[in-house]
Amino acid sequence: MSTHSINSTDDSPQPLVLAIESSCDETAVAIARGTEHILCSEVSSQIELHKPHGGVVPEVASRNHNLTLPPLIKVALKSAGLEIGQIDAVAATAGPGLASSLLIGNTTGKALALALQRPFYSINHMEGHLLSPFIGDPEGIRPCVALIVSGGHTMLVHLRSVGDYTLLGRTRDDAAGEAFDKVGKMLGLPYPGGPEIDHLAVSGNAKAFDFPRSMIGSGDFAFSFSGLKTSVRYLLPKLDGPLENHLADICASFQKAVTDVLVKKTLKAAAQCNEKLITISGGVSCNRGLRLAFQEACEQSGHQLQLAEGELCTDNAAMIAYTAAAKLAIGVPPSVLDEDIDPNLSLTS
Ligand code: KG4
Ligand code: ZN
């Protein structure tokens with residue numbers, strides 16, 4: 001494909017990047033003007049469609065991406081006040097995620113780029129999460145230790161600059177968000193369990209149940225949340241009286257157990273990497289207990305904490321547009337159009 005020039009003009013110094021995210025159950029389109037401005041960020045959630053099934057059904061997700069994406073691109077352009085011909089580059093998530101969902105957004109992005117004769121950027125969804133705490137930050141992307149806590153991943157990363165990432169550790173079994181969702185299901189809460197547990201935990205006693213802090217002293221940066229999930233399962237038949245009477249306490253105690261491990265290991269990683277800045281991103285970073293615990297811990301330890309903004313914690317296309325714009329800004333060449341999606345795409349290999 002021929003490359004479209006994305007060099008500066010006087011009145012529009014930054015390239016306009018249209019990005020598509022469809023790795024799981026959110027269809028999202030965003031437009032960024034360079035790394036400085038997110039002009040629009042549209043997210044169409046499928047949560048209500050998947051709720052009756054207690055989790056994401058891949059076929060339902062991909063069919064819905066297919067239906068939602070073309071009108072959502074029009075909505076995004078309208079809300080940014082742009083015509084499609086003004087777009088300078090197109091980006092789409094290439095992985096990790098559900099293959100059938102990734103294919104819809106990634107192929108649509110490539111088709112758009114081809115039709116418009118613009119460069120195309122295949123973006124790693126985890127890199128999007130990783131860089132999302134810097135969106136809107138005039139100081140830009142800086143070295144940090146980054147905790148990414150989502151429904152599919154829990155990892156600690158040493159970020160030195162765009163594209164220079166070292167994986168410090170990851171979960172050996174369930175991701176933190178997965179543990180929230182599975183425990184939510186056990187407790188009879190609607191899908192996804194994360195926000196429900198967050199809500200109930202506010203009125204609960206976090207010391208009511210002593211759940212395990214798995215691997216908290218393991219000496220490395222690996223995580224494990226499946227034992228914690230199992231201990232909630234074992235507790236349920238032993239409860240005194242109806243579950244409803246204990247819900248808030250179980251939620252608060254479970255949330256505290258997850259948070260304690262995340263805080264301890266993240267601070268240790270920051271000390272080991274000699275980084276002052278800690279960032280947190282991914283859906284679980286919406287959690288109010290987690291945000292508060294990190295704020296308190298960082299105040300005590302003297303670390304600077306930077307969290308992704310509320311609506312940028314969960315899946316969105318603004319983080320994909322921002323990541324593509326950050327790559328454009330340092331001259332990373334576009335992706336080739338025959339590069340496939342990869343449901344297991346790694347952040348660091
Ligand atoms: O980043 P995300 O939108 O999608 C993935 O890439 O996985 O994260 C979704 C996850 C779900 O597991 C959801 O339950 C969790 O983030 N989540 C929360 C909260 N909001 C979303 N977990 C705990 N507390 C919340 N407030
Ligand atoms: Zn995500």
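Two residues are said to be in contact when heavy atoms of the one lie within 4.5 Å of heavy atoms of the other. In the predicted model described here, residues 24 or more positions apart account for 73% of the contacts in the protein chain that have a separation of 6 or more.

The overall dimensions of the protein chain can be considered next. Taken along the principal axes, the box filled by the C-alpha atoms is roughly 65 × 45 × 30 Å. The fold comprises eleven helices and ten strands, and buried residues make up 53% of the 349 residues in the chain. The accessible surface comes to about 14,900 Å², and carbon and sulfur atoms contribute 52% of this area. As for charge, 26 positive and 37 negative side chains are present, and the centres of these two sets are separated by 6 Å.

In soluble globular proteins, nonpolar side chains tend to be buried together. In the present model, the largest nonpolar core contains 44 residues, of which F211, F254 and L262 touch the most other members. Two or more residues are given to this core by each of several elements, including strand 6 (144-149), helix 5 (176-186), helix 7 (226-235) and strand 9 (277-281). The greatest contribution to this core is made by helix 8, with 14 residues. Apart from this core lies another, of 35 residues, among them A28, A91, A146 and A321. When residues up to four places away in sequence are left out, F211 is found to touch L228, S231, V232, L235, I250, S253, F254 and A257.

A further position examined in detail is D174, which is placed in the loop between strand 8 (164-170) and helix 5. The relative accessible area of D174 is 6%, and because a residue counts as buried under 20%, D174 is classed as buried. Its contacts, again not counting residues up to four places away in sequence, are with A179, K182, F225, S226 and K229. Between D174 and S281 there are 107 residues of separation in sequence, whereas the distance in space, from C-alpha to C-alpha, is 17 Å.

Definitions and conventions. Residues numbered from 1 in each chain as written. Chains lettered and ligands numbered in written order. Predicted model: local features only at pLDDT ≥ 70, side-chain atom pairs only at ≥ 80, totals over all residues. Heavy atoms only, no water. Core = buried A, V, L, I, M, F, W, Y, C linked by side-chain atoms within 4.5 Å. Buried < 20%, exposed > 50% of the residue type's maximum accessible area, 1.4 Å probe, protein only. Helix = DSSP H or I, 4+ residues; strand = E, 2+ residues; numbered from the N terminus. Areas by Shrake-Rupley, 256 points an atom, 1.4 Å probe, with all protein chains shown as cover. Lys, Arg positive; Asp, Glu negative; His and termini not counted. Charge placed at Lys NZ, Arg CZ, Asp CG, Glu CD.
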